[in-house]
Structure formats: structure tokens, C-alpha cells
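I opened this entry to keep track of what I looked up, one topic at a time. The notes follow the order in which I went through the structure.

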Amino acid sequence: MSRARTRVDGPAKVAGVARYAADHPGPDLRHLALVTATVPAATISTVDTTAASAAPGVVAVLTHENAPRLAPPVGAPYGGRLPLQDNEVHYDGEPVAVVVADTLDHARAAADLVRVDYEVRAAITDFTAVTDLVVPSPPPRWGPADTNVGTPEPAEVTLARVYTTAARHHSPLEPSATHAEWRDGRLFVRDATQGVFGVRTVLSSVLGLPREDIRVVAEYTGGGFGAKGYVWPHQIIAAMTAVHLGGAVRLVLTRAQSFTSHGYQPPTRQRITVAAHRTGRIAALEHDSVSPTATYGGYVEMAANATRVLYAAPAIRTSHRIAPVNTILPTPMRAPHEGPGAFATESLMDELAHELGVDPLWLRLRNHADVDPTSGLPFAAKDLRACYREGARRFGWERRPLAPRSVRDGHDLVGWGMASAVMATFRFPASARVRLRVDGTVVVEAGCQEIGTGTYTILPQVAADVLGCPADQVTLRLGDTDLPETGMTAGSSTTLSVGSAISAAATTLTAQLAELAGADAVSLTGTTLELDGDPDRVVDLADLFAEHDLVEVTADGSFTPTDTGHSLHSFGAVFAEVAVDEDFGTCRVRRLVAVYNAGRIINPLTARGQMTGGLIWGIGQALLEQSTLDHELGRFVSKDLAGYLVATQADVGELEVAFVGEHDPHSGAIGARGIGELGAVGVAPAIANAVFHATGKRIRSLPITPENLL
Ligand code: MOS
């Protein structure tokens with residue numbers, strides 16, 4: 001059942017009592033400050049810690065010369081090089097020393113006193129200048145690097161274009177932070193992370209500690225957007241230092257360090273070609289994407305994935321190549337893959353519509369994919385046609401004049417554009433436990449994270465639905481490796497995956513209660529159970545538990561993603577109205593209407609929050625966000641939120657969000673698919689297409705800046 005429910009963690013966050021990783025004091029807490037490389041490629045010739053070591057409050061200074069030795073990380077994604085293990089520098093911002101002191105001020109002051117001399121090597125940061133491109137090895141669930149299906153038909157119209165997207169940084173409100181304590185041979189970590197189990201796995205392997213001697217906790221994570229998914233060097237440095245010195249340490253990245261310490265969304269250069277018949281039917285699609293990776297590892301942005309599934313082309317060929325450069329490893333960023341990729345696919349569809357003189361929405365319906373055109377599999381509960389229909393109705397699309405530059409409002413040129421949204425449905429194995437206490441309290445336990453999406457609110461609703469009780473009767477414990485294991489809270493997978501495990505546990509729990517009560521079915525209300533749907537047959541939990549000598553009833557459940565023979569994707573349609581002032585080159589997004597198809601929506605309120613967040617994120621991608629690399633210095637230029645612009649309230653016009661479609665029986669046990677990242681797909685091309693409609697200017701690189709529009 002779908003039910004709007006306000007955020008249960010809202011009051012704690014608003015009142016400032018929700019504690020994040022860096023908010024926990026300790027009697028012997030020591031503070032860490034990183035010293036990071038100021039050049040992108042070098043060998044460290046000398047590192048002089050004399051002055052830093054003698055500075056007030058300093059306990060230790062660790063460099064590659066005296067830091068403990070680490071073993072290779074295995075078992076969970078790690079995005080760095082192993083810190084402080086050699087004298088090599090592969091990117092600007094790479095940690096080269098860490099200062100441990102009694103206060104943060106002492107640590108940071110001493111960090112400034114560490115002198116590092118480099119033998120600088122030639123660096124390359126411009127991925128478009130790399131000639132030796134590498135074929136990536138993506139994780140299997142992302143799909144293969146290359147695909148090629150079908151035979152292109154001879155076609156009358158061929159458009160070949162190059163689209164580019166900018167490097168972007170996640171910029172969550174909470175900078176990454178790790179609190180690590182080593183006591184009695186056990187490591188306790190509070191971390192700003194999207195995956196406590198991944199942190200434990202990596203720390204276990206690099207430090208050579210048994211997993212059971214490490215506990216990682218994250219009650220709240222202050223936004224991640226992918227930055228806190230992989231494990232990064234700072235987490236290892238904090239844990240290593242705690243183990244080395246004993247006691248508690250805290251490492252908080254500065255905002256500037258957050259631009260070089262936990263990945264970024266790589267820029268992309270996408271060559272995309274569509275061949276089509278004059279009838280509007282696509283004859284072939286080709287999409288080749290190149291993006292940078294680090295010199296020391298392979299991350300690939302799967303930008304051509306959107307083209308693999310969106311349209312019923314008789315032939316589709318895609319490829320991804322990566323170009324090693326001297327930056328930290330790029331990493332997933334909301335919405336990875338389809339986010340940058342749909343800009344190319346969905347802009348090109350708009351170009352084709354213009355070339356053919358047809359309505360862009362009509363062209364998409366004309367080429368609607370009834371089955372996955374690359375795998376040939378049926379889609380799970382796809383309702384994209386209804387998204388188009390409902391979005392167009394709400395937006396008033398039928399009133400759109402076909403020709404660009406047709407509408408003026410005072411000084412502004414007004415344009416309407418649209419785009420499809422698509423996001424692969426990620427699923428992770430998950431386990432959960434549900435406990436019912438004699439006082440009627442239900443406690444759900446699952447080791448996933450609350451990263452700001454509403455997990456504390458939604459997952460109790462899943463258990464409550466099965467048990468028959470109000471959601472307020474259920475509390476959730478999460479973010480702790482002592483709890484049942486789940487995957488990373490990433491890929492918009494938590495509600496689906498952990499929810500399916502909770503649903504299974506709650507189902508088992510009700511079966512156990514029914515057996516105890518001698519009924520076929522039970523429903524929980526407060527401290528009583530109603531038997532077999534009969535309001536006259538009610539037992540008190542107190543009596544039932546006493547009769548069986550119980551203090552609580554507990555059930556475990558799990559979710560294992562299985563191949564259902566379906567192509568699992570969520571879909572949407574995004575409609576944008578922009579106003580462009582040609583004298584100033586400014587573009588305002590006046591309104592966005594977006595309609596999504598993502599299976600069952602558990603909580604319409606938090607779901608709407610996710611999608612409006614995605615739309616605003618998409619406005620940032622379209623118009624503001626770019627991390628410029630200075631290729632002379634080999635570094636990102638802006639390392640603060642004054643130079644790296646994200647969308648603010650003032651950048652956002654009217655937002656309208658709706659969902660269509662029902663229960664998806666294939667993706668999981670609760671009918672839901674992922675939603676969060678879907679909201680960040682399709683916005684940029686809808687805006688770019690609206691800009692074309694307003695001005696007649698086709699902008700093929702993001703973000704669309706005033707310079708582009710003048
Ligand atoms: Mo998301 S980029 O998978 O946190």
C-alpha cells in the first residue's frame with residue numbers, strides 16, 4: 001500500500017540532534033589533518049616533518065617513510081591508491097602525510113609546516129588528448145563495455161554528432177569524515193559512508209584484521225550522491241592511524257579536499273549517430289563514449305547504456321573507452337551512466353525530430369521499445385507510454401509550435417523541450433531482521449544507510465504493511481555492521497532490495513505469530529493480534545507471549561536478486577520550459593513537469609522529494625555544474641562552492657512530479673523499483689532541447705552557460 005508519511009528523522013535533523021560521523025566526542029580524541037600533493041604527477045624526493053613534529057599539540061606525523069604497511073584492498077570497491085605506502089604521486093590532492101594532534105587547529109597548523117619536495121613528472125589531465133584509449137572492464141551489472149546487435153537498415157537521414165558533458169563533483173553538505181577507535185584489539189569506526197559493510201571489508205583487508213574485530217557505524221550520512229559509495233584513502237588513513245597510535249582519532253575532509261579525495265563524475269565525449277527513415281523510424285543507432293579514468297585504476301562512465309534500451313532500432317552499436325589521466329579515480333555520481341548518457345541520446349532524438357520536421361514526442365512514440373532492443377528481453381512492468389501521455393497532458397505539450405524561435409515573452413525567448421528518462425534497476429543482496437516485543441514495539445534491523453532519501457521513514461512502512469500495524473509502531477535500526485548485512489546504499493537500490501528482505505522477514509514473523517496463536521493469519525494492532533481477519537477474535541500479545549514463555553518474536557529475511565528473464569529499468573518523461581535572454585545569455589528554467597514509471601511507490605511524499613531533488617540536480621547538470629581542470633597545473637580549479645556552482649532555490653522554477661504504473665512483480669518482492677537517480681536523468685536534454693526550441697541554438701556541451709548562448 002502507498003501511504004504518504006512525513007520524515008521520521010526530520011525533527012532530529014532540524015533540531016540538530018542527529019549525530020553524524022564527526023559529531024561524536026571522545027575523552028582521548030585526536031584530530032587528523034591531511035597534507036596533500038600539490039602536483040599531479042611526481043616522485044617525492046624529500047618530506048621534512050621536523051617543524052610539524054615540533055609544533056604545539058602534535059602527537060605524530062605519518063608519511064610514506066614511517067606509516068604502517070598495508071595489504072591490498074579486496075572485496076569491496078576502493079577508489080584510491082593505498083595511502084602513504086610509496087613516494088609516488090598520481091594526482092593533485094593525493095595524501096602525502098597526515099598530522100595527528102590534540103586539536104583540529106593544531107593538526108591543521110602543523111600540516112602547513114610539512115615540507116614536501118617533488119621531482120615533478122609530466123602529467124596529463126586532458127582526457128581528450130589521450131591517444132592510448134583503454135577498453136574498460138565494467139562490473140557485470142553495468143553491462144559489457146561494448147554491444148553490437150542487429151543489422152543497420154539503409155536509411156534516408158543520418159545525423160552524426162558529438163556531445164560532451166563536464167566533470168562534476170558530488171558536493172554533499174556533510175564533508176566525508178571518519179572517526180576511528182582502536183581499543184582492546186578491536187576497531188570501531190563511525191564513518192560518513194553509503195556502505196558500512198564495504199568500509200569494514202576494505203579496512204579488514206588492508207589492515208589485516210578479522211572482520212569480526214571491526215565494527216562500522218553510520219546512523220546518518222549527510223548526503224553522498226555516490227561520493228561515499230566506494231572506500232577512499234582518508235578512511236584507511238583514519239583507521240590505520242587509530243590502530244597505530246591506539247585510542248580515538250577523527251579525520252574530517254575540508255571542503256577543498258572533498259574535490260580531490262573521493263572521485264568525481266568524469267567528463268564524457270560521446271559520438272552518437274542515428275540513421276532514420278523519412279517515416280520517422282530509426283534504422284540504426286551508434287553511441288561511442290570516451291571518459292577519463294585514473295592512471296592507477298579503471299572507472300568507466302557507461303554513457304551509452306541509455307542508447308542500448310531506449311528505442312526500437314533494428315541495429316544498435318555502443319562502446320565505451322577510458323583514457324588514463326592524473327586525477328583521482330572517477331566514481332559513480334547521481335545519476336551515473338544514464339545521467340550523462342541520456343544527454344546525448346535525447347538531444348540527438350530532438351535533432352532528428354527537427355530534421356524530419358516532426359514533433360519530438362511523436363518521434364519517441366514512433367520508436368518506442370516494446371522489448372529491450374539490445375537484450376531482446378521483455379521489460380518489467382514498463383509504462384513509458386503513460387509517462388509521455390500524462391506528462392504531455394500536464395505540461396500542455398500539444399500547444400507547442402514546431403518551429404524554434406516562435407514564442408516570445410517580453411524580452412525573453414521561450415522554449416519547450418522534452419526528453420525520456422531511463423535508469424537501470426540496480427539490486428543488491430540484502431538481509432533483515434524483524435523483532436516484535438511484548439509491548440507491541442516492532443524493531444526492524446538492516447545494516448543499510450540513511451543518506452537523506454527517507455530510509456528511516458520508508459522501510460518501517462514496508463514492515464508495517466505486512467504486519468498490518470501503523471508505521472509509527474515500527475522503528476528501524478540501520479547503519480551498523482552488527483546488523484544484518486545489506487549492499488551499499490547506492491544505485492537507488494535500497495528500498496527495493498532491503499525492503500524485499502524486510503518484507504520476507506515480516507512475512508515469516510506473521511506466520512510464526514499465527515502458529516503461536518493457532519490461526520491461519522494475524523494482523524497486529526497496538527498490543528493485540530487480530531486472528532484470521534475476525535475483529536471478534538483478538539489476543540493480547542502479553543497473554544500470547546506469556547503462554548509461550550517469550551519476550552519477543554524474531555524473524556530473519558533476505559533478498560537475493562535472481563534473473564527473472566526481464567530487462568529491469570525505470571522510466572520517465574521530462575518536459576521543460578525555459579526562458580532565454582539573448583542579450584545576457586541567461587537561461588531560466590521556468591517549469592519542469594516529470595512523470596515517472598518505477599513500479600509501486602511506497603511513500604508518495606518521500607518519492608516526490610526524491611524526484612524533485614533529481615530535477616534540481618538535473619538543472620545543475622544542465623546549466624551550472626562543471627569542474628574545470630587547469631591542464632597547466634594539472635588540477636581542478638575550483639575547490640569550493642563559490643567556484644563550483646550547484647543549483648539553489650533561486651535557480652528552480654515550478655516543479656511538477658507524478659508517477660504512473662503499478663506493482664512491478666519482477667524486480668523484487670515489494671513491487672518497487674529504484675527511483676532516486678531516475679529523477680536526475682533526462683532533465684539536461686529536456687532543458688537543452690527547450691533552449692533549442694527557444695533560440696534555434698543547439699548546445700551540445702554541458703553545462704549550457706551564458707557564453708554558449710551569446
Ligand atoms: Mo549513487 S551515484 O549509486 O550513490
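Predicted model: local features only at pLDDT ≥ 70, side-chain atom pairs only at ≥ 80, totals over all residues.

**Sheet.** I began with an open sheet of three strands, whose order is β4-β2-β6 and whose pairing is antiparallel. I noted that β4 (88-89) and β6 (115-120) stand at the edges and have a single partner strand each, so one side of each is left without a neighbour in the sheet. I then followed strand β2, residues 42-48, which runs antiparallel to β4 and is joined to it by two bridges. Within that pairing I found Thr 43 standing opposite Glu 88 of β4.

**Domains.** Next I looked up how the chain is divided, and I wrote down domain 1 as 11-122 + 170-261, domain 2 as 268-426 + 565-709, and domain 3 as 428-559.

**Interface of domain 1 and domain 2.** As a reminder to myself, the size of an interface is often given as the accessible area lost when the parts come together. Here I noted a buried area of about 1,900 Å² between domain 1 and domain 2, with carbon and sulfur atoms giving 66% of it. On the side of domain 1, the residues that lose the most area to domain 2 are His 170, Phe 225 and Phe 259, which together make up 30% of what that side buries.

Across the interface of domain 1 and domain 2 I listed seven residue pairs in polar contact.

**Salt bridges in the whole structure.** For the structure as a whole I wrote down 44 salt bridges. I picked out the one between Arg 405 and Glu 582, where the closest N and O atoms are 2.9 Å apart. Arg 405 lies in the loop between α9 and β16 (407-409), while Glu 582 lies in the loop between β25 (569-581) and β26 (586-597), so this pair ties together parts that are 177 residues apart in sequence.

**Backbone details.** The bond from Arg 334 to Ala 335 is cis, with omega near -20°, and I placed Ala 335 in the loop between β15 (315-325) and α7 (338-356). The bond from Leu 702 to Pro 703 is also cis, with omega near -5°, and Pro 703 lies in the loop between α14 (683-695) and α15 (706-709). Finally, I noted that Ala 381 has a positive phi of about 45° although it is not a glycine, and that its place is in the loop between α8 (360-366) and α9 (384-395).

Note on methods:
Residues numbered from 1 in each chain as written. Heavy atoms only, no water. Domains from an automatic or database assignment. Buried area = accessible area lost by both parts, 1.4 Å probe. Polar contact = N/O pair within 3.5 Å; in protein donor to acceptor, adjacent residues only side chain to side chain. Pairing = 2+ DSSP bridges. Helix = DSSP H or I, 4+ residues; strand = E, 2+ residues; numbered from the N terminus. Salt bridge = Lys/Arg side-chain N within 4 Å of Asp/Glu carboxyl O.
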